[in-house]
Amino acid sequence: MDTAAIDTWGRIEFGRLPGRRFDEASVTDNLLFTLQNQVPGLLTYQSSQVQERDSGADWEWWIGDDQAGWLCLRIQAKRVYEDNTYRMLKHRGAGEDAFQYDTLIKGCNPDQARYAFHVFYNGWPEGTFEEGTYWAPPARWNACPGLSSYKDCKHAEPRHYGCAIISSSDVKKLSDSDITAPAAGRFRVQKYLSAAVPWSYAFGFPPWDPKREGKRWHPKLDRGDWVDRVHGTLEVLTRRGGARGARDASGHLGEIPIDRDQRTFELPSYVEAMRRSTPGRFEPASEDEAPAAPQTVIVERKPKRARKRK
Ligand SMILES: [Zn+2]
């Protein structure tokens with residue numbers, strides 16, 4: 001996922017040149033294609049026949065299996081613009097919702113293990129914000145469990161924020177707090193980056209181990225059950241301290257108290273229909289099978305309990 005993030009960074013950086021443009025949809029397509037080829041058990045489905053265009057989601061993820069239950073993430077993607085803002089956050093919501101992020105949040109419920117997130121697609125030339133780095137000070141660097149700065153961090157590099165994830169409730173808080181400010185201030189990247197982390201972190205933070213500087217994951221560290229760990233991470237990112245909370249809890253995200261019963265045990269019919277079909281384009285057989293978002297990703301743990309690598 002970090003490699004895909006660096007790719008995205010390059011694409012968005014290149015997209016800043018005059019006459020070049022990559023919209024969110026083409027970046028998302030590329031990302032999902034890359035992931036499907038790299039992550040075992042990950043399947044992607046595209047559909048133009050979306051039931052609620054106004055779910056506010058570009059992708060929906062289902063993570064888990066029939067025994068452990070399923071977690072759901074709805075994600076809205078926003079790219080950075082040349083003025084260093086996520087100016088399309090101003091997008092209006094469906095119906096009476098003021099903003100698209102309101103619609104997205106409304107369609108989710110953390111009490112049912114359904115979480116709303118934004119993924120920001122970032123990319124700008126080195127030195128844009130500070131000489132000699134891709135990072136954007138004064139944004140806070142929350143990528144390091146060891147509290148290193150972006151200059152010394154061995155876990156992550158700034159371009160891992162090519163795909164940066166942040167809970168949509170944090171996006172709402174940050175956007176609504178400056179609601180009367182002009183877009184250049186209201187949606188500036190530094191404000192949001194301070195509450196975001198590289199998107200691979202949503203699947204478990206890298207625990208900090210000073211003895212293994214080169215390696216991001218300690219091979220022997222028991223990170224607990226995979227679905228529990230992802231569930232715990234999403235809980236922290238959404239409701240228990242956000243990016244900083246997850247950084248501070250990085251060593252024990254598999255032990256965050258979670259309620260497994262909150263997960264989904266009966267998948268929506270379109271997800272079941274997808275599981276029975278080949279990944280790729282999905283044609284719903286009936287209205288019930290219309291997905292909630294243009295892209296659906298299913299990450300299913302295989303019954304053999306093969307060790308997952310991310
Ligand atoms: Zn570090």
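How many of the seven residues of strand 2 (residues 59-65) are buried? The tour below reaches the answer after a view of the whole chain.

**The whole chain**

This is a predicted model, in which local features need pLDDT of at least 70 and side-chain atom pairs count only at pLDDT 80 or more, while totals for chains, interfaces and linings use all residues. Residues are numbered from 1 along each chain as its sequence is written.

Helices (H or I, at least four residues) and strands (E, at least two) are DSSP runs, numbered from the N terminus. The C-alpha trace spans about 55 × 50 × 35 Å along its principal axes.

Select residues 59-65 next. Six of the seven residues of strand 2 are buried, and the strand is mostly covered. A residue is buried if 20 or more other C-beta atoms, placed from the backbone, lie within 10 Å of its own, exposed if 12 or fewer, and partly exposed in between.

Strand 2 and strand 3 pair in the antiparallel sense over seven bridges; two strands pair if DSSP finds at least two bridges between them. A hairpin of three residues connects strand 2 to strand 3, and Gly 64 has Trp 70 as its bridge partner in strand 3.

Then select residues 295-300, which form strand 8. Strand 8 runs parallel to strand 2, with six bridges joining them. Here Trp 59 has Gln 295 as its bridge partner.

**An exposed glycine**

Gly 95 counts as exposed because it has 9 C-beta neighbours inside 10 Å. Show Asp 54 as well: its C-alpha is 8.4 Å from that of Gly 95, although the two are 41 residues apart in sequence.

**The nonpolar core**

Finally, select Ala 164, Ile 165 and Ala 196, which have the most contacts inside the largest nonpolar core, a group of 79 residues. Such a core is a set of buried Ala, Val, Leu, Ile, Met, Phe, Trp, Tyr and Cys residues joined through C-beta atoms within 7 Å. Beyond its neighbours within four places in sequence, Ile 165 is in contact with residues including Phe 117, Val 119 and Trp 199; contact requires C-beta atoms, placed from the backbone, within 7 Å.

Definitions and conventions:
Two residues are in contact if their C-beta atoms, placed from the backbone, lie within 7 Å.
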